[in-house]
Amino acid sequence: MYFQNSINFEELSTKHTSALLKFETENRLWFEKFIAARNPDFYTHPGVTEHITECLQLMRQKSMYPALMVTNNELLGRFNLREIDHSRQSAMLGYRVAEKHKGKGVATKGVGKLLQISVQKLGLNTIRALVLDNNAASARVLLKHGFECIRYTPEFREVNGKTYGCREYCWNATSRNIASLGHHLHGHLT
């Protein structure tokens, strides 16, 4: 099984700077197949340091929860809650998994862990996510966790010169959805 080694789910911190730069640089072309390209300055040590500083500031303001899935000092994926609105108990989910770890359950486990944190630690009950038409794998991960498509917007965003539509998914912390998290988290994820 892929998850035989210990996998840690960690809050982003400055100790992750080098690992995050490596993760983003090694997977840049892979990520840019699915999402708009980042500014080239991001792919430098100062660029990633600034990015982490911004994420941690948003975390202190309780409007973001940035996390990483790590094993043996290697990043497998990033999992973030953004636009956290405590009055509405809602947030926007985003994630990306290293190309060499695709199709191995990393996204499913990471999304499940982040949903668990969103309910148990952050007190949230509604999580939304946007998925472009070019990313069917992400849609499958969300559907496994009980997300439902609530809206479709054609011609939502251009990526690499092609315009894609976008589906908005929503997850609510129902007892059924919370119970299913345990099933997807089975394994060595701390």
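Colleague: Which helix is the place of Lys144?
Modeller: Lys144 has its place in helix α5, where helices (H or I, at least four residues) and strands (E, at least two) are DSSP runs numbered from the N terminus. This is a predicted model, in which local features need pLDDT of at least 70 and side-chain atom pairs count only at pLDDT 80 or more, while totals for chains, interfaces and linings use all residues. Residues are numbered from 1 along each chain as its sequence is written, and side-chain values use heavy atoms, with hydrogens and water left out.

Colleague: How many residues lie between Lys144 and Thr108 in sequence, and what is the gap in space?
Modeller: Along the sequence Lys144 and Thr108 are 36 residues apart, whereas from C-alpha to C-alpha they are 7.8 Å apart in space.

Colleague: Stepping back, how many helices and strands does the protein have?
Modeller: There are six helices and seven strands, and they follow one another along the sequence as β-α-α-α-β-β-β-α-β-α-β-β-α.

Colleague: What share of the residues is buried?
Modeller: Of the 190 residues in the protein, 48% are buried.

Colleague: New topic, then: how many aromatic pairs does the structure hold?
Modeller: It holds five, counting rings of Phe, Tyr and Trp (its six-membered ring) whose centres lie within 6.5 Å, with planes under 30 degrees apart called stacked, over 60 edge-to-face and the rest tilted. One of them joins Phe9 and Phe79, whose ring centres are 5.8 Å apart and whose planes meet at 45 degrees, so this pair is tilted.

Colleague: Which parts of the chain do Phe9 and Phe79 tie together?
Modeller: Phe9 belongs to strand β1 (residues 8-11) and Phe79 to strand β3 (residues 74-85), so the pair ties together parts that are 70 residues apart in sequence. Both of these residues, Phe9 and Phe79, are buried, and together with Tyr95 they form one aromatic cluster.

Colleague: What about Phe147 and Trp171, how are those rings placed?
Modeller: Their centres are 6.5 Å apart and their planes are at 35 degrees, so Phe147 and Trp171 also make a tilted pair. The two come from distant parts of the chain, 24 residues apart, with Phe147 in the loop between α5 (136-144) and β6 (148-159) and Trp171 in strand β7 (residues 162-172).

Colleague: Why does Trp171 count as buried?
Modeller: Because its relative accessibility is 0%; Phe147, at a relative accessible area of 2%, is buried too.

Colleague: Now the sheet. How many bridges join β3 to β4, and which way do the strands run?
Modeller: Seven bridges join β3 to β4, and the two strands run antiparallel; strands are said to pair if DSSP finds at least two bridges between them. Within this pairing, Arg78 stands opposite Arg96 in β4.

Colleague: Which residue in the hairpin of β3 and β4 takes a positive phi?
Modeller: That is Gln89, with a phi near 55 degrees, in a hairpin that has four residues between its strands.

Colleague: How many of the residues of β4 are buried?
Modeller: Strand β4 (residues 90-97) is mostly covered, with seven of its eight residues buried. Strand β5 is mostly covered as well, since five of its seven residues are buried.

Colleague: In which sense do β4 and β5 pair, parallel or antiparallel?
Modeller: The sense is parallel, over four bridges, with β5 spanning residues 126-132, and here Ala91 stands opposite Ile127 in β5.

Colleague: And what is the bridge partner of Ile127 in β7?
Modeller: In β7 the partner of Ile127 is Trp171, the residue whose ring is paired with that of Phe147. The strands concerned, β5 and β7, pair in the antiparallel sense over seven bridges.

Terms used. Buried < 20%, exposed > 50% of the residue type's maximum accessible area, 1.4 Å probe, protein only.
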